[in-house]
Amino acid sequence: MAKQHMMLLFGSFNPVHRGHTALAEYAIEQGLCDAVAMIISPQNPFKQNMALASEMDRYAMVEAACKATRYPDQIHASVVEFLLEKPSYTINTLRYLEENNGHQMRFSILMGSDLINTLPEWREAEAIIAGYDIYVYPRPNEELRYRTPRTTFLADAPQCDFSSTEVRHR
């Protein structure tokens, strides 16, 4: 039996917005994966001084947003990083998921062009690069400058004209 393909969309989701869920819906519609897990990061090591809504409030918002998508059975909120050491390192989350679900699932990562450009600075980036397909969506004013051998650029992915930062400021 083939493994289910789970695409992972990591984020603070502070707050979650339509741009996030549009990307998850796009991944399902394009047949890029069987399901999308929106993984709520309790503490991003690159954003340690950022004020965040509580973990459970962000989870409740992401869960409601997932249920309101066109694919509520395939797009889910995940609190896996709430269980792990903080700050949240992607490699630790991937290892945890592989240990606990790797026999039945294969994982890939969905990220913006702004994030992949910083990937070489991440903890154990080589293991992420070697082990996972990475799907990259365009971000405004952020050219794709870094690619891995397993990078797929999604030029036609939906783009959002605003960010969570802008939503908070408004």
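**Close-up 1. Cysteine 33 in the predicted model.** At a relative accessibility of 8%, cysteine 33 counts as buried (buried means under 20% relative accessible area, exposed over 50%, and partly exposed in between, with a 1.4 Å probe and protein chains only). The structure holds zero disulfides, a disulfide being a pair of cysteine sulfur atoms within 2.5 Å. Cysteine 33 is accordingly in no disulfide, and its nearest cysteine sulfur, that of cysteine 66, lies 12 Å away. The model is predicted: local features need pLDDT of at least 70 and side-chain atom pairs count only at pLDDT 80 or more, whereas totals for chains, interfaces and linings use all residues. Residues are numbered from 1 along each chain as its sequence is written, and side-chain values use heavy atoms, with hydrogens and water left out.

Close-up 2. Strand S1 spans residues 4-11, and seven of its eight residues are buried. Strands (E, at least two residues) and helices (H or I, at least four) are DSSP runs numbered from the N terminus. Two strands pair if DSSP finds at least two bridges between them. S1 pairs in the parallel sense with strand S4 (residues 105-112) over six bridges; here histidine 5 has arginine 106 of S4 as its bridge partner. S1 also pairs in the parallel sense with strand S2 (residues 35-40), over six bridges, and methionine 7 stands opposite valine 36 in S2.

**Close-up 3. Helix H2 and its buried face.** Helix H2 (residues 55-67) has 13 residues and reaches 18 Å from its first C-alpha to its last, close to the expected 18 Å; the expected span is 1.5 Å times one less than the number of residues. Arg58, Val62, Ala65 and Cys66 are the buried residues of H2. Seen down the helix axis, these buried residues fall within an arc of 100°, so they line one face of H2; the arc is that of the directions from the helix axis to the C-beta atoms. Cysteine 66 has a relative accessible area of 3%. Met56 and Lys67, on the other side of H2, are exposed. The cover over the buried residues of H2 includes H1, S2 and strand S3 (75-78), where contact means heavy atoms within 4.5 Å.
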